[in-house]
Structures are given as C-alpha cells and as structure tokens.
Amino acid sequence: MEAAGAGVAPIRARYLTSKEQFHAYLKAERESRNQENNQDDGEEDPSNNDQTEPPAKQMKLDGGDQVRKQGSQEEVVKEEEKKPQERKRARGQNKSRPCMKPNHYEKDRLCQSVIQLDIQGKLYLAPLTTCGNLPFRRICKRFGADVTCGEMAVCTNLLQGQSSEWALLKRHYTEDLFGVQLEGAFPDTMTRCAELLNQTIEMDFVDINVGCPIDLVYKKGGGCALMNRSNKFEQIVRGMNSVLDVPLTVKIRTGVQEKVNLAHKVIPNIRKWGASMVTLHGRSREQRYTKVADWEYIAECAKLASPMPLFGNGDILSYEDANRAMQTGVSGIMIARGALIKPWIFTEVKEQRHWDISSNERFDILKDFTNYGLEHWGSDTQGVEKTRKFMLEWLSFLCRYIPAGLLEYLPQKINERPPYYMGRDYLETLMASQNVDDWIKISEMLLGPVPTNFTFLPKHKANSYR
C-alpha cells in the first residue's frame, strides 16, 4: 500500500498565508469579538444572573440538547429509546455466554469466536491512551465506528483497585461491540486480572497490548517488550485464554527495532496459543510515527495469520487509504490517529466520499463532546475541568485536519504537515491553529473561562511529520 511521505500538504494558493499574518488575523478577530461581547454585556439587564455557570454547564442545566441541530435531537431520542434497562452486574456473568474460545481452526473459515463477534470487514476504533475516552468513543460510534475498545488499562493498577484505572473500562450502552485492553508484563498478574474482569464487567473481547512503545512500559517488560519475551508472552496468552469466556485478541507492532521485523515470527505462535485475532500496527517501536506504515509487510503477515483474522493499522485518513488497506488481504482495519484528526472518517469510508465538513459542523461535534464529557465526568467544577483537559488533548490532533475544500488535490495524507492557511471563516481558521492558546480559546467558548494560572501541555508529543 502506498503511503504518504513527509512533506507539506497541498493547499490552494489563495488560502496560504504566513505565520505572522495567521496569528495577526486571529488576534484582531479575537479583540474585535471581545469588544462586541463587552458592548453586549453592558446592555444586558444587571439583575439577570442566569449565566453565572460556564456555558456548557448552563446548557446542561437548561436541557443541553437544545443547542444541537434537529438531526442530532432525533438521534438522541432514538438512542434513549434503545437504551437498555440498568441491570446489576453479577459475578461470573460472562459464564452464561456460549463458549467462544477457539479450540481449533477449520480450513477456509474464521474461528467460531470471531464469527460470533461478526468482526470481519468492520471498522475498528483503536484503543487510544488519553484521547480514547468514553465521550470520544461516543462521537466515533455516531459517525460509524463498528468496534470500540477502552483505553489501555494497566493490570497491576486494576488489581490494586485504583478507581481511575477501573474508570477506563466503563462502557457506554451505544458501544455494541466493545472490548477492553490490558497491559502487563507477567503471566500471573495478567491471568488474575483477566479472571477478575471476566467476573465483574460486561465486554465482548479482551485485547492484550503488545504494541505500547513508551519507555515506562517497555522497560518493565510490557508492551512491545513482550515480542522479545516469547516464553512470558505465551504464558500470558494461554493463561488469560483459559479464564476468559470471551475472545482474546492481541495488538502488536512489526517489531522493536526499525529494520528487524518480528511480527511474521510471532503471529503463527499467537494463533497456536489460542488468540482469536491479532491487530498489526505497521511500524516498529523505534519508528514511532517518523516513518510511514509498512502495508506490504502487513499483507505478508495477514497470509501467515490465516485463518486467524488479522486487522491492519497505520496511516489511514481517507476512504482511499482504507480501500487500499483492505486490498492487502487483511480481515479489517483499525483506525487510530485518523479518527482523532477527523472522527467522521468512519462515515467517509462507509459512504466512499470526501466530506467537506463545515467549521460549524465541526464545532457542533465539540459541543456534543462537551455534553458527553459533563455527563461522564460530572458537571461540577472538577468535571468541567476534566472535560476541558481531554478536549484540549483532542484539539492537539483536530488542528491537523485540513478542510477538503481547501486542498489542491485529495485526499489529505496523514504524514503531511499542514502549512499556515486562512480558513473560509474565522472559526475554520481558529481550528487550524496549532497554538495552545487558541485551543484554550475554543475550550472557553464551550466551557467558560479557564481557572487562574491555567496551563496546558499536550500529553502526546509524537512528531508525525518528520
């Protein structure tokens, strides 16, 4: 599969501008709008104190959904009608489910567990640390994601009962095909954790993270390091598979070092150990995002994995990228950064079109995220600021999107750097800013002023353009 090399995205000449002109325009617009707001505030009835709450919190108190478009209102109503009644979770609740562990593979067919999951050809939203939270997954489900997975949870933290770690496993009722992802380095703790999850939460599959590249995880023997620890890796897969009543899947990379591929050696073993599916990210740990994903290698591994399904992952930002990926022989595709940059990619893939989405439509998505965040994390001060924090993390990816109508030719490539450009309106230009202060401004339009001495530094610093 051909992937984009590093470079600058091809924006039409009339929209291009300099860094200085870009920021001067935003500053002038901001000052102008502030003056207008101050004049409007001066004309208001001083006895009217209804807006003492942050805008998003006030929206929530007033009914929230009134700010959405009529289409969104109808969708919410439909979702509420479909919402199942709450039920108590019982220990061993997954025990009543039909056994879905693959004891053997029959030639030319998928294993029983994956057929029951109905995952062939599905669009899989990757488990995304920090940004793949429940409100974001709700957004992606609305745009057509078929399979969702919770953020990476560390097994030792779960076993210690850390509430913040258990919160990562929470499932929204719209997530009809949902898994949880575990990270750990030792068979005993991973197996105990899998058994605990099997008894306490509702899930359709469990995924083992063998792809995490960060030093904190790698140096402890977890994530990518397991690809070089075959005995521990085997014990983890076999141990977890023995205690789970739902399918076990594994997510891996091509290897650890840049030019030393390991996946083709590991994948046949993963199949033999009893996993139901493997997902392959087409980069090594050393590469991170500095090189394009190797889809030719993914295609080779898909043949080796058969009849076990293999999903491919890497550099998908358009329906053309998705089509080329499916032509490599994978069972389906997982989308990660592409969904963070434009969550409507799932709609584009399913409808086979480029969506020149307007700035107002994109802002409506942020409104929905705000309401979902306040619902999930709470509408008190702590909930507002948590929603703001995760919105700012997401905005550090959203700003990389270039509107389809501004490009010289389509599609946008994920590793091409957006140049400075003027959008078709102020909001589109503001959303193109890679300046943290402008992201904070967007958050204030939805959540009210930030606290005194507020600072923000994106957690994800991956350079995807080098």
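Predicted model: local features only at pLDDT ≥ 70, side-chain atom pairs only at ≥ 80, totals over all residues.
In strand E8, Leu310 is the bridge partner of Val278. Residues are numbered from 1 along each chain as its sequence is written, and side-chain values use heavy atoms, with hydrogens and water left out.

## The chain as a whole

The chain holds 19 helices and 10 strands. Helices (H or I, at least four residues) and strands (E, at least two) are DSSP runs, numbered from the N terminus. The chain has 466 residues, and 55% of them are buried. Buried means under 20% relative accessible area, exposed means over 50%, and partly exposed lies in between (1.4 Å probe, protein chains only). The accessible surface is about 21200 Å², and carbon and sulfur atoms supply 47% of that area. Such areas come from the Shrake-Rupley method with a 1.4 Å probe; for residues, only the protein chains shown count as cover.

Contact means heavy atoms within 4.5 Å. Among contacts with a separation of 6 or more, 75% join residues 24 or more positions apart.

## A run of parallel strands

Two strands pair if DSSP finds at least two bridges between them. Start with strand E5 (residues 205-210). E5 pairs with strand E6 (residues 248-253) in the parallel sense, over 5 bridges. Here Val210 has Ile252 as its bridge partner in E6.

E6 also runs parallel to E7, joined by 5 bridges. On this side, Ile252 has Leu280 as its bridge partner in E7. The chain gets from E6 to E7 through helix H11 (residues 263-273), and this β-α-β crossover is right-handed. Right-handed means that, with the strands pointing away from the viewer, the path from the first strand over the helix to the second runs clockwise. E7 then pairs with E8 in the parallel sense over 4 bridges.

In a regular strand the side chains alternate between the two faces of the sheet. Which residues of E6 lie on each side? Leu248, Val250 and Ile252 are on one, Thr249, Lys251 and Arg253 are on the other, and all are buried.

## The nonpolar core

In soluble globular proteins, nonpolar side chains tend to be buried together. A nonpolar core is a set of buried Ala, Val, Leu, Ile, Met, Phe, Trp, Tyr and Cys residues joined through side-chain atoms within 4.5 Å. The largest one here has 123 residues, and Met240, Ile252, Ile270, Leu310 and Leu366 touch the most other members. Helix H17 (residues 381-398) gives this core its largest share, 8 residues.

Look again at Leu310. Leaving aside neighbours within four places in sequence, Leu310 has contacts that include Ile267, Val278, Leu280, Ile298 and Val330.

Helix H13 has buried residues too: Tyr319, Glu320, Asp321, Ala322 and Ala325. They pack against H12, strand E9 (332-335) and helix H15 (345-351).

## Salt bridges

Side chains of opposite charge can pair when their charged atoms come close. A salt bridge is a side-chain nitrogen of Lys or Arg within 4 Å of a carboxyl oxygen of Asp or Glu. The whole structure has 21 salt bridges. Three are listed here.

| Salt bridge | N to O distance |
|---|---|
| Arg138 and Glu375 | 3.3 Å |
| Arg283 and Asp315 | 2.2 Å |
| Arg388 and Glu385 | 2.9 Å |

What does the pair of Arg138 and Glu375 tie together? Arg138 lies in helix H5 (residues 134-142) and Glu375 in helix H16 (residues 359-377), so the pair ties together parts that are 237 residues apart in sequence. Arg138 is buried, at 9% relative accessible area.

The pair of Asp315 and Arg283 links distant parts of the chain, 32 residues apart. Asp315 sits in the loop between E8 (310-313) and H13 (319-326), while Arg283 sits in the loop between E7 (277-281) and H12 (295-305). Asp315 is buried, at 9%. Arg283 is buried as well, at 0%.

Arg388 and Glu385 both lie in H17, 3 residues apart, about one turn of the helix. Is each of these two buried or partly exposed? Arg388 is buried, at 0% relative accessibility, whereas Glu385 is partly exposed, at 21%. Elsewhere, salt bridges with shared partners join Arg283, Asp315 and Arg337 into one network.
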